[in-house]
Amino acid sequence: MTFFFEVLIGGLLAGVMYSLVALGFVLIYKASGVFNFAQGAMVFFAALTFISIVERGMNFWLAIAVTLAVMIALGFAIERVVLRPLVNQPQITLFMATIGLAYFVEGLAQGLWGAQVHAIELPIRDVPFTVAGVNVSQFDLFISGTAAVLVIALALFFNYTGIGRALRAVADDHQAALSIGIPLERIWGIVWAVAGFVALVAGLLWGSRTGVQFALTFTALKALPVLILGGFDSIAGAIVGGLIVGAAEKLAEVYIGSSLGLNIGTGIENWFPYALAILFLLVRPEGLFGEKRIERV
Amino acid sequence: MFYREAGQFKTTYPADQQILPIRQDRYALGAILVLAFLIIPFAASDYWFTAILIPFLIFALAALGLNILTGYTGQLSLGTAGFMAVGAFAAFNFVLRVPGIPVLVAFVLAGLTAALVGLAFGLPSLRIKGFYLAVATLAAQFFIEWVLIKFGWFSNYNSSGVITAQPIVILGYEFNTPRSKYLLTLCIVALLALAAKNMVRSGTGRAWMAVRDMDIAAEVIGIRIFRVKLLAFAVSSFYCGVAGALWAYAHLGSVEPAAFTLERSFQILFMIIIGGVGSILGSFLGAAFIVLLPILLDRGVHLIPGIPRDLLSNLEFIIFGGLIIFFLAVEPHGLARLWQIGKEKLRLWPFPH
């Protein structure tokens, strides 16, 4: 039983990592209806920029500030160069544009900083400790704490600031928001900048876990089942979806994988979250917390 | 002035319903076919066959398949490469395990196998829509890749999962030179393209487009959405499956599941976006663009001296991504639309209206 709980908790904590990336997707989808495939590339770009300037001798906190500034600039630049010419295009076109953007950002990151693998040293040690007989990693707990703070901060930002209210208005109805004088372009720029900030947080945490390398861009693929499970436009969905996917993935790996006896376990995590998400979707086609779609002829 | 239907009167129903109603278009297509079948086989070098022409044709076929699903039926799919992999491995296994089976029959069976798999992954499309479905098709991509790597049976227990295509022998003639493989590919692609063109002009195609434009309205006027969507998945996967089989047999010779990754699916998606969503011609134009672009980029970037090697590949990434964004911003309906605009201009020239 202890073993079960250990696997479960390990999975839940790993799920939080997925949620962090999924959050960035949700923010952008909510505000602009764009399915931003470049989020993974942004995570990679943020982490690589941060570690490269730290390795060039900059102070840790200063480097975070500089990287944040770079990500915000990137967010506004994307709005200006990519989104603005594509206003009123179908969603699939915008989606394709973000795939192009992903290529661009990946190439830019590696072109600027090189393709070596870096290690990030965060000031938290990755030592396990024991609660009621269950081993928990301190680092994982720190990540969960960060995610919680992030979600609370975003919730406050969305609900209690003027910009947050404008963001929600834009998410509800672009045209109505425009007609009451909300500057759509600036709002989109802000959303992309916030998504860049989330990418920075995700990049730091993922980077310190796996090292900063090109594989970070694949975190986007990890976040997709989380997204469809939770619903594209729900922050709560991103967190709950992440927890479900993380836990289910680890449990499936350990229990289904070994019990089938087919030597089937390894690699199952590549597709299992997707299969799980599809099962959920068959019951709730908009994900767990996604906005209900009303279809009219 | 040069391109005008003036004086061409349609006096019969068949004349009214032909694929290319304007005489000049028919001449142009005839010229292209003559060029492809009679001139290129003798004019092109082996490099052209193996590096450009054969991949172009196969990609065009896969793009055609994806276009049927995404462009005509409106179901965004990211699993194209997965269905290609099914086709390649199915063809390999049919030839391997059914003694004396003709290769072309194996290709058709491979396409049908891919169609079956496509049907299975198309099932959720009744309830799931839009991007949710797109992500769901990713499941197909990852699952197929995983199955092909995990179970050795599919690659005849090759330790690294590589399949080596058997020689293509049809009626005693062995297709072993790049030229003959090109001609074989060309025949298959031309036939399937004709079939696709006719499908999208028929009632089936109309039903697909009705579902794409608004599925609820389509249902109201009596189109059985589920059947129509599943049919689109099956036909699309059939095309992708045949393309995959050709990829293994006519292009690479030996492939592994890693040849059919998500990257490949995106590549084919790019083709239809750049070529033109919902256009047969667009599939070909897009395939040509995506096949030629990296080659041209590679050549072009090398002209600038003094750039280190690793920066070069990243620069290609940047230019490729930038070009795609640029293209979408300038002409979101793709090359096919540009072609249409050009034709319209030619009709009116030298007058402005």
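How many residues of chain A are in contact with chain B, and how many residues of chain B take part? In this predicted model, 35 residues of chain A are in contact with 36 residues of chain B.

## Where chain A touches chain B

Look first at the helices of chain A. H4(A) gives the largest share, 14 residues.

What kinds of residue make up this side of chain A? By class, there are 25 nonpolar, eight polar and two charged residues.

## Helix H5 of chain A

H5(A) covers residues 138–160, which makes 23 residues. At 1.5 Å a residue, the helix should span 33 Å.

Which residues of H5(A) are buried? They are A:Asp140, A:Ile143 and A:Ala147.

## H5 against H1

Two packed helices are described by the angle between their axes and the distance between the axes. Helix H1 of chain A (residues 2–32) packs with H5(A) at an angle of about 35°. The axes of H1(A) and H5(A) are 9 Å apart. Their crossing is left-handed.

H1(A) brings A:Leu13, A:Val16, A:Met17, A:Ser19, A:Leu20 and A:Leu23 to the contact. H5(A) brings A:Asp140, A:Ile143, A:Ser144, A:Ala147 and A:Leu150. Together, the residues of this contact divide into eight nonpolar, two polar and one charged. The buried residues A:Asp140, A:Ile143 and A:Ala147 of H5(A) are among those that meet H1(A).

## H5 against H6

H5(A) also packs with helix H6 of chain A (residues 162–172). Here the angle is about 80°, and the axes are 5 Å apart. Angles of 65 to 115 degrees count as roughly perpendicular, so H5(A) and H6(A) are roughly perpendicular to each other.

From H5(A), the contact residues are A:Phe157, A:Phe158, A:Asn159 and A:Tyr160. They meet A:Gly164, A:Leu167 and A:Arg168 of H6(A). By class, the residues of this contact are four nonpolar, two polar and one charged.

## One residue in chain B

Now turn to B:Ala193. This residue lies in helix H7 of chain B (residues 178–201). Why is B:Ala193 partly exposed? It has 19 other C-beta atoms within 10 Å, and a buried residue needs 20 or more.

Leaving aside neighbours within four places in sequence, B:Ala193 is in contact with B:Leu64 and B:Ile280. B:Ala193 and B:Ser283 are 90 residues apart in sequence. In space, they are 9.8 Å apart, C-alpha to C-alpha.

Note on methods
Residues are numbered from 1 along each chain as its sequence is written. Chains are lettered from A and ligands numbered from 1 in the order in which they are written. This is a predicted model: local features need pLDDT of at least 70, side-chain atom pairs count only at pLDDT 80 or more; totals for chains, interfaces and linings use all residues. Helices (H or I, at least four residues) and strands (E, at least two) are DSSP runs, numbered from the N terminus. The expected span of a helix is 1.5 Å times one less than its number of residues. A residue is buried if 20 or more other C-beta atoms lie within 10 Å of its own, exposed if 12 or fewer, and partly exposed in between; C-beta atoms are placed from the backbone. Axes are lines fitted to C-alpha atoms, for helices over the stretch in contact, and angles run from 0 to 180 degrees between N-to-C directions. Angles under 35 degrees count as roughly parallel, over 145 as roughly antiparallel, 65 to 115 as roughly perpendicular and the rest as oblique. Two residues are in contact if their C-beta atoms, placed from the backbone, lie within 7 Å. Ala, Val, Leu, Ile, Met, Phe, Trp, Tyr, Cys and Pro count as nonpolar, Asp, Glu, Lys and Arg as charged, and the others, Gly among them, as polar. A crossing is left-handed if the near helix is turned anticlockwise from the far one by less than a right angle, and right-handed if clockwise.
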